Amino acid sequence: MKKRFLRIVISILACVLIGFLSSLASKTSLDTWYASIQKPSFTPPNWIFGPVWILLYVLMGISAGIVWSKGFYHKWVKTALYHFGFQLLLNAAWPIFFFGLQNPLIALLDIVALFILLLFTIKWFTVVNSVAAYLLIPYVVWVAFATALNFGVWQLN
């Protein structure tokens, strides 16, 4: 039980840290470039993104920690965590593409790939532990919404 708890805590910290580091790309252009572009009518206020992403990163970390606690030596666990790691890299790349490079098209391609890889991650997490897979549902819903937002920004600009 201690090992499982420790792996969940490590996973949460890793996800939150990656989220924090990737969010630094948005700091430079949030009040300048992003404020000046056209956005879809369903764009939420800026303040909502931080709390939502913190919650999602915590849920992602719990989910990954549960899978990791099943033993990394097992091929299904490895496969599930590899998918998780790759989707996390795509997640971290999105703010760099969108805010850092100010390129909604590259960001859109990234987030579509993220969404697809996230579906595969959920599939593999289901094989290892269904609770871990269910914890990723809010994340996939948010990524779908973020994809629609990204598409709207790309279309409008």
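1. Helix H5 (residues 104-128) and helix H7 (residues 137-156) pack with their axes 9 Å apart and at an angle of about 160 degrees, where axes are lines fitted to C-alpha atoms over the stretch in contact and angles run from 0 to 180 degrees between N-to-C directions. That makes H5 roughly antiparallel to H7, a term used for angles over 145 degrees. Helices here are DSSP runs (H or I) of at least four residues, and strands are E runs of at least two, numbered from the N terminus.

2. This is a predicted model, in which local features need pLDDT of at least 70 and side-chain atom pairs count only at pLDDT 80 or more, while totals for chains, interfaces and linings use all residues. Residues are numbered from 1 along each chain as its sequence is written, and side-chain values use heavy atoms, with hydrogens and water left out.

3. Among the residues of H5 that meet H7 are Leu-108, Phe-115 and Ile-122, and those on the H7 side include Val-143, Phe-151 and Trp-154, contact meaning heavy atoms within 4.5 Å. The residues of this contact divide into 19 nonpolar, two polar and no charged; Ala, Val, Leu, Ile, Met, Phe, Trp, Tyr, Cys and Pro count as nonpolar, Asp, Glu, Lys and Arg as charged, and the others, Gly among them, as polar.

4. Gln-102 lies in the loop between helix H4 (75-100) and H5, and although Gln-102 is not a glycine, its phi is positive, about 55 degrees. Most residues other than glycine have a negative phi.

5. The protein has seven helices and zero strands, and its C-alpha trace spans about 50 × 25 × 25 Å along its principal axes.

Methods. Parallel < 35°, antiparallel > 145°, perpendicular 65-115°, else oblique.
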